[in-house]
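Please examine the sequence and the structure shown here before reading on.

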Amino acid sequence: MNPRGIGTNVLEVQDLAVTYRPDVRAVRGVSFSVGRGQVLGVVGESGSGKTAVALAVLGLLPDRTEVTGSVRLRGRELLGLSDGEMSRIRGKDLAMVFQDPLSSLTPVHAVGDQIAEAIRIHSGATRGAARARAVELLDLVGIPDAARRARAHPHEFSGGMRQRVMIAMAVANDPLAIVADEPTTALDVTLQAQVLDVLRTAGEAAGAAILMITHDLGMVAGFADRVLVMYAGRAVESGQVEDIYRRPRMPYTIGLLRSLPRLDDAGGRPVPIDGAPPQLNALPPGCPFAPRCPIAVGACWDDEPEMLPVGRPGHAAACLNTPATRDPDAVFPLTPTELLPPIGEDDAARARTSREAVLDVKDLHRFHVEQRNSFGRGKGLLRAVDGVSFDIRAGETLGLVGESGCGKTTVLMEILAMARPRNGGRIEILGEDSAGLDGAGRKALRRNVQVVFQDPFSSLDPRMRVAAILAEPLRTHAFPSEHIPDRVQELLKLVGLEPSHANRHPYGLSGGQRQRVAIARALALEPSLVLLDEPVAALDVSVQAGVIDLLEELRARLGLAYLFVAHDLAVVRRVADRIAVMHRGRIVEIGDVEHVYEDPAHPYTCALLDAVPIPDPVLERKRGRVRLPDVPPDAPRLETGCLFRQRCPRYLALSEASRALCDREDPVSRSIDGEPDRMVACHYALGVST
Amino acid sequence: MAGFLLRRLANYAVLVVLAASLAYVLAACALNPRANLMDRSPRPSAAVVDAELTRLNLNDRTPLPRRYLTWADGVLHGDFGHTWEGESVNGEMWRRAWVSLRLLLGGAVLGGVFGVLLGAYAAVRRDRFPDRAATYGAYLLLSVPVFVLAVLLQYAAERVNAMTGTQLFAWVGESTPGAGDGTFGGLDALADRARHLLLPTLTIAFGQAALYARYQRGLMLDVLGADFVRTARAKGLTRRAALLKHGLRTALIPMTTYFSYTFGMLLLGSMFTEKIFGWHGMGEWLVDSISRGDVNVVAATACFAAVTVLLAGVFSDVLYGILDPRVRTRTR
Amino acid sequence: MTGAMRGRPGRGRAIAGAFLLVLLFLLAFAGPLVSPWGWDDIDFTAFLSPPSARHWFGTTQSGRDVFALTLRGMQKSLIIGLSVAVLSTGLAAVVGTVAGYFGGWADRALMWGVDLLLVLPSFLVMAVLSPALGGGWQALVALLAAFLWMVTARMVRGMTVSLREREWVLAARFLGVGATRTIVRHVLPHLASLLLVDAAVNVSVAILAESGLSYFGFGVRPPDTSLGTVIAESRGAATVFPWLFGFAAGLLVLIVLAVNLLADGLRDVLDPQLAASGPSAEAEAEVTADGARAGSGAGSGEPAVEGSAG
């Protein structure tokens, strides 16, 4: 049961069921146990019931939620305890780390006080002693200058620092078990690994069992000892982490693993799982995954399968057709999209420079006057976009990547404004200078440049039906109105939706379907350039692959060019021809996807690639990582020299004399090895002679 | 924070000047003191009326801009002119402002505190009996105009007095003449004042409490499900403690925005309360001076109201800054 | 989502309010048809007589029938309340959306005007101007409307500012849809529930303001009558001759209560997330985000947000 041979079961959950009023059965009988010092990863997509499990364990479900089964902490039954009794356990023996560190800390109290409160509730320590301990804890979780920062408020912290505070609070009383609900989901990829490290260290220091709840298979691979996969409120597979990733036996787990875009080439092309998870208030009999399962047999529709041992000891799966899952690769065959003609064949054959540029951005700047100012310093100019240049040629995809706040969305908005850039620069769209456009010219150009936003829940007007949403661009650009219904049907078909979807409102569609509607709207006028702002980031993994497939297919069929803004480097690798890496308003590296991913030249690119988790426990544990330090928001902002040097691992390794160059001179973007399309802005770029 | 407040203050000052000037011009155009003077018996001669009007800077035969400049010049020197009876507006204004303050302070504080607590409690007990009772109570109170509420309270007080055979409640004026002449002297006078204060204070407190309870309930509902309340409970606070220390504390912040709005309602309510209970405060003065066509007094009370409303605005800004650390570090 | 499942908590209140309001309308407009006395009739045989079969609500000092007077007052109050609400809410919608959507100069100028009007002691201005404008009820409607729209306009502006950045509005803009059309098709429909609720609230505010002004003699003036003037006439005598005061006051409270119930019920029915809003939507928006998310999370069993934003 436990590979490291430590401890006995600390947290035991038996047959846990949670029903939200009136009839949403969020969890329907889940059992697991976690031992001392062990990490159990609970993995599931939205709607799987994983968060309800976490809240049920802590007794924090909303009032009048029905909970049955058993939750035992060191043998003591927790279900049915009063709020008063639970409050003596919560925070002391049983701690929790929540998803969103911004809203999870009380905005009006200093962070030190919030940690001290957790200590004082349970130990009765004096105010002074608790404060001193809080500073120690902040130090433990890696907050620099902890004594001073303990007096600061949550809004003065960055997201990563806030999550560290949450962890400090959780381990304050050396808990027996920690429940972590998506602790890294709201964070940038470079911070995720660090926060996990902190959680691991702090958990080990306290000897706590950790229940890690997440949707991210890649993240758990290197963190958990055992994994439990949930689907539609039930556990469908559980086992040692190696078994789950290397020898999965439940088709859903297999599908989930296959649909992940990966940085490494192992596992081949991501494959989508068709369909959507079932509604939890109206479950049909049988296996809830059967409608999406490629290997379902007749009996699957009769009864819900039980978790039964399969394969090695400790491995269990809820599947009737386990014989068919012995070879996971055979479960989800490749989809026919692969058989399409290679993308933009005739175009791609020609040299890049000989194709026309659909978008040409030169030296774009955009400044914001800073609204908020940490620690009361004077106000400054935030250089959101600080001299960005790139171009996109017909039929190609440029991936624009970077962490949140790097300015990539601002670039997109500046392009979409189709006006003279406010703070300098030049944007040429399809050969037309945006500065010279009048109202009519702008409107005409909008026909050819369309956008798809990140969140399909907010990019479609919730009060309009799908037909009206798709008709809007057509009406706006004087499409003959008698042809509009036909065109709407054509578009629905194009993006793989049913004709009947035209009459639905957005809330009647799943996330993936909504994003398809958004894509259809963008394509209604047959544009030549589509700007995609994190088009799959808000979607569940199993749906992401389908939308990406669609985007690729459309590009091939319609000869589109994409600007694909994303934070997920694995996704970008999958879709883009070229990639531009942004940091603090600049492009630090740009080039061919293959080249950049194989031989990253800029230390920031290296670090970003390093941080992407690989959904394979063996590979993931073997990787050595370079950690990028998080710059606290109150650190002095660099104005001269290389702006990356505060976080730069390469800078740290340089001699004093070599650093002088970074301190003094802002690195200019220069091409590498005579390749005009491969540029990097670093004095000491890899593979470049200096 | 300081810079932000200063800029707000400057903006407010401009608004006060404009509001006061507009009020003066409106009053000077629309009111007709000449007619009122002419109505006196014995009927004065036209020349006497003219002289009297000119003396008070109310003569409609003087061009409006000149009258305005005379008035504005006085105001800049701290002089609001003279009332219709020829008294100084300034002296009367201060006297009456104190009367109003004595009347309103108790009711406003009582109503505010009680309303906030009631609203927060109702939110926590959402959809149960206490919430229903508080919500419908607040509805009913908000639907009763002050002048009806005051009369109802008087009616009830009269019944109580009749039943107990005492003068437990008194509702005319601020004090009974001669109340301090009894055996206990000053104590008696104090008790008498308290008796007079009871009903008007209740009148004001009821309305204020209903308003505050409505707002606070809504704000509290918003933080009930907030992540940070959940965090506080995960730390080991009981639901009640988490809601008080983390929930209510945060939900109080937007309340400051409502404060200046509620304050306006308070001023308005004071007019009715003063009229009905016979307190000679600012509200009564305003109503009477409009009826009489006393332009200087109307303009002075308008000025006074604008200044107090804006002070309330500044006060709520400061309060916001004190309650919300996010504002303290923000410059805009 | 959860609101729908719970069966819309505000429905009972909205229906009760609407029902009560219909009854009151019926009483106000059909009542005079069955009353033996006209509102301006004088019965010289009955001064200050208590309610009886002859005079259902009694008579006044001057021998007028209180029933007929009260219904006449109700008619005035209802008409004034409704017209003011329509006018002021309409004005608020136009000013608020224009200021919020266009921002910049238009925004600053309009909001400054709003501030100025908010600072002006509105009661005073109305009291001074209403007689000067001739004292007709139409003038009163105009005045009331002119001083009631500002808070709503601020709220509408605040919501428009946040709607303007919503992705479906951006999407429309980037499709090339014009500003007016975007406001009408993508902004206003999302404010509809707010505006409807606010119009209802304004009805009650207008009725209260009108009766308050009339109570002091600055609003509807004799010989015309409104509930405020009827109550004012009972001044000083209310405790001795309760029928002079009680019927008018009771009906006034009932009207306002019915409108408030309707408004609040509507608020819950139309938008569960808006259930708690007061006069300032800007302050509101910050807080509701948490509540709304918690609500949707409870429905699906998972937090609504997955994946980090760019």
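Is A:Lys50 buried or exposed? A:Lys50 counts as buried because its relative accessibility is 0%; here buried means under 20% relative accessible area, exposed over 50%, and partly exposed in between (1.4 Å probe, protein chains only).

The model is predicted: local features need pLDDT of at least 70, side-chain atom pairs count only at pLDDT 80 or more, and totals for chains, interfaces and linings use all residues. Residues are numbered from 1 along each chain as its sequence is written, chains are lettered from A and ligands numbered from 1 in the order in which they are written, and side-chain values use heavy atoms, with hydrogens and water left out.

**Salt bridges**

Over all chains, the count comes to 58 salt bridges, a salt bridge being a side-chain nitrogen of Lys or Arg within 4 Å of a carboxyl oxygen of Asp or Glu. The following table lists examples.

| Pair | N to O separation |
|---|---|
| A:Lys50 and A:Glu182 | 3.7 Å |
| A:Asp360 and A:Lys362 | 3.0 Å |
| C:Asp264 and C:Arg13 | 2.8 Å |
| C:Asp264 and B:Arg214 | 2.6 Å |
| A:Glu117 and B:Lys235 | 2.8 Å |

A:Lys50 and A:Glu182 meet in a salt bridge. A:Lys50 lies in helix 1 of chain A and A:Glu182 in the loop between strand 7 (177–181) and helix 8 (189–206) of chain A, so the pair ties together parts 132 residues apart in sequence. Helices (H or I, at least four residues) and strands (E, at least two) are DSSP runs, numbered from the N terminus. A:Glu182 likewise counts as buried, because its relative accessibility is 1%.

In chain C, C:Asp264 forms a salt bridge with C:Arg13. This pair links distant parts of the chain, with C:Asp264 in helix 11 (residues 242–270) of chain C and C:Arg13 in helix 2 (residues 11–34) of chain C, 251 residues apart. C:Asp264 is buried, with a relative accessible area of 4%, and C:Arg13 is buried with 14%. A network of salt bridges links A:Arg28, A:Arg234, A:Glu304 and A:Glu306.

**Strand pairing in chain A**

An open sheet of 4 strands in chain A has the order 2-1-4-5, with antiparallel pairing; two strands pair if DSSP finds at least two bridges between them. Its edge strands are strand 2 (24–35) and strand 5 (76–77) of chain A, each pairing on one side only. Strand 4 (residues 66–73) of chain A is joined to strand 5 of chain A by 2 bridges, and A:Leu73 stands opposite A:Arg76 in strand 5 of chain A.

Strand 13 (residues 357–369) of chain A pairs with strand 14 (residues 381–393) of chain A in the antiparallel sense over 10 bridges. It also runs antiparallel to strand 16 (residues 426–429) of chain A, joined by 4 bridges. A:Asp360 stands opposite A:Asp391 in strand 14 of chain A, while the bridge partner of A:Lys362 in strand 16 of chain A is A:Arg426. In a regular strand the side chains alternate between the two faces of the sheet. A:Asp360 and A:Lys362 form a salt bridge; A:Asp360 counts as buried because its relative accessibility is 19%, whereas A:Lys362, at 45%, counts as partly exposed.

**Interface of chain A and chain B**

The contact (heavy atoms within 4.5 Å) takes 38 residues from chain A and 26 residues from chain B. About 2800 Å² is buried between chain A and chain B, 51% of it on carbon and sulfur atoms; buried area is the accessible area (1.4 Å probe) that two parts lose on being put together, summed over both. In chain A, the most area is lost to chain B by A:Pro107, A:Val108 and A:Glu117, together 19% of what that side buries. The rule finds 3 salt bridges across this interface, including that of A:Glu117 with B:Lys235.

**Interface of chain B and chain C**

Here the contact takes 55 residues from chain B and 47 residues from chain C. Chain B and chain C bury about 4300 Å² between them, with 77% of it on carbon and sulfur atoms. In chain B, B:Tyr139, B:Phe147 and B:Asp222 lose the most area to chain C, together 14% of what that side buries. The count between chain B and chain C is 1 salt bridge, and C:Asp264 and B:Arg214 meet in a salt bridge.
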